[in-house]
Amino acid sequence: SGDGTGYIIKIDKLTGEVADTYNDQISFLSNYDSSGDSLNDNSLSKIHFLYHYPKPNEISLDQKSFIQNIIHQFEDALNKDNFKDPFNGYRRFIDVDSFVDFFILNELSNNVDAYRLSTFIHKDISGKLKMGPIWDFNLAFGNANYCNGDAVDKWMFKFNDYCQGDLWKVPFWWKRLLEDDFFKAKIITRWFDLRQNTFSNDSIFQLLNSFVVKLKTSGSIDRNFQRWQILDKWIWPNAYVGANYDEEIDYLSTWLLNRLQWIDSNIESL
């Protein structure tokens, strides 16, 4: 089968130390572009999957073809007319709950890189494709001034609609999954369950406040901004520049509160 190990696949930009261009040694292509159409050579929205584990210089040809087949089967199933079928549709190939949580975390934070960069998919030796681990939130929580990165009232899975010129597109998966009432209901239920505890306003703002207290009382904040004198200065791609640390915390808190309330009001009409 070419199996016998777990796999981690990544959707991401290339870094210089990996390669200058996507190639067969380090990655493989989706058979579909970002809208779900069959890929053609001049498509600008190709989706590349990078081998992350086993590493490109260690993964065997059998292992490559094994993980490629799983991803291709999932995408084919998702693209077919019977994609909602519980047994013959996309659910055969993915751990749905991991996709739900991945969606919720990236939408809560309005992560401008979500779904299309720094995006990991893993598969245990046995078991289905799972999204995660989640990674890379430096341009989230209202900290990006492009492509609705600072909006509290937009869905980030619709990134391709906002930023058509961007080379790295959101795969067609997410819009397609939300055409399935089963998947949509899972997201809505999970969101409101989380809002009762882990994601309640109290939980979130107590956590945020405990971080602030810890960082201030330890002197970490002072040392940080002595070392990096970036308060009151615009650093790419800040959407907001506070004059001091407390103003930055206020911005984050207000942004988060507005985001939570907007999702509460809009998630049922996804």
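**Helix pairs, buried residues and backbone exceptions**

Analyst: The axes of H5 and H8 come within 11 Å and cross at roughly 135 degrees. Axes are lines fitted to C-alpha atoms, for helices over the stretch in contact, with angles from 0 to 180 degrees between N-to-C directions. Helices (H or I, at least four residues) and strands (E, at least two) are DSSP runs numbered from the N terminus. This is a predicted model, in which local features need pLDDT of at least 70 and side-chain atom pairs count only at pLDDT 80 or more, while totals for chains, interfaces and linings use all residues. Residues are numbered from 1 along each chain as its sequence is written, and side-chain values use heavy atoms, with hydrogens and water left out.

User: How is H5 oriented towards H8, and which residues make the contact?

Analyst: The angle makes H5 oblique to H8; the classes are roughly parallel under 35 degrees, roughly antiparallel over 145, roughly perpendicular from 65 to 115, and oblique for the rest. Trp191, Phe192 and Arg195 of H5 make the contact with Leu260, Ile263 and Asp264 of H8, where contact means heavy atoms within 4.5 Å. By class, these residues comprise four nonpolar, no polar and two charged. Ala, Val, Leu, Ile, Met, Phe, Trp, Tyr, Cys and Pro count as nonpolar, Asp, Glu, Lys and Arg as charged, and the others, Gly among them, as polar.

User: Is arginine 195 buried or exposed, and what does it touch?

Analyst: Arginine 195 belongs to helix H5. Its relative accessibility is 13%, so it counts as buried; buried means under 20% relative accessible area, exposed over 50%, and partly exposed in between (1.4 Å probe, protein chains only). Apart from neighbours within four places in sequence, arginine 195 is in contact with Ser200, Asn201, Leu260 and Asp264. Arginine 195 and leucine 260 are 65 residues apart along the chain, and their C-alpha atoms are separated by 8.9 Å.

User: How do H6 and H8 lie relative to each other, and what forms their contact?

Analyst: Helix H6 covers residues 201-217 and helix H8 covers residues 245-266; their axes come within 11 Å and cross at roughly 165 degrees. H6 is therefore roughly antiparallel to H8. On the H6 side, Asn201, Ile204, Phe205, Leu208, Val212, Leu215 and Lys216 take part, and they meet Tyr245, Asp246, Ile249, Leu252, Ser253, Leu256, Leu257 and Leu260 in H8. This contact holds eleven nonpolar, two polar and two charged residues.

User: At what angle do H2 and H5 cross, and which classes of residue are in their contact?

Analyst: H2 (residues 96-108) and H5 (residues 181-196) have axes that come within 10 Å and cross at roughly 60 degrees. That angle makes H2 oblique to H5. H2 contributes Val96, Asp97, Phe99, Val100, Asp101, Phe103, Ile104 and Leu108, and H5 contributes Phe182, Phe183, Lys186, Ile187, Arg190, Trp191 and Leu194. The classes here are eleven nonpolar, no polar and four charged residues.

User: Which residues have the most contacts inside the largest nonpolar core?

Analyst: A nonpolar core is a set of buried Ala, Val, Leu, Ile, Met, Phe, Trp, Tyr and Cys residues joined through side-chain atoms within 4.5 Å. The largest one has 66 residues, and Trp173 and Trp174 have the most contacts inside it. Not counting residues up to four places away in sequence, tryptophan 174 touches Phe99, Phe102, Phe103, Tyr115, Met131 and Phe157.

User: Where does methionine 131 lie, and is it buried or exposed?

Analyst: Methionine 131 lies in strand E5 (residues 129-131). It counts as buried because its relative accessibility is 6%. Beyond its neighbours within four places in sequence, its contacts include Ser98, Phe99, Thr119, Phe120, Trp173 and Trp174.

User: Which backbone features deserve attention?

Analyst: Most residues other than glycine have a negative phi, and most peptide bonds are trans. In this model, the bond from glycine 132 to proline 133 is cis, with omega near 0 degrees; proline 133 lies in the loop between E5 and helix H3 (159-162). The bond from tryptophan 236 to proline 237 is also cis, with omega near -10 degrees, and proline 237 lies in the loop between helix H7 (220-227) and H8.

User: What is the phi of tyrosine 115, and what is that of aspartate 232?

Analyst: Tyrosine 115 has a positive phi of about 75 degrees, although it is not a glycine. It lies in the loop between H2 and strand E4 (119-123) and counts as buried at 1% relative accessibility. Aspartate 232, likewise not a glycine, has a positive phi of about 70 degrees. Aspartate 232 lies in the loop between H7 and H8 and is exposed, with a relative accessible area of 51%.
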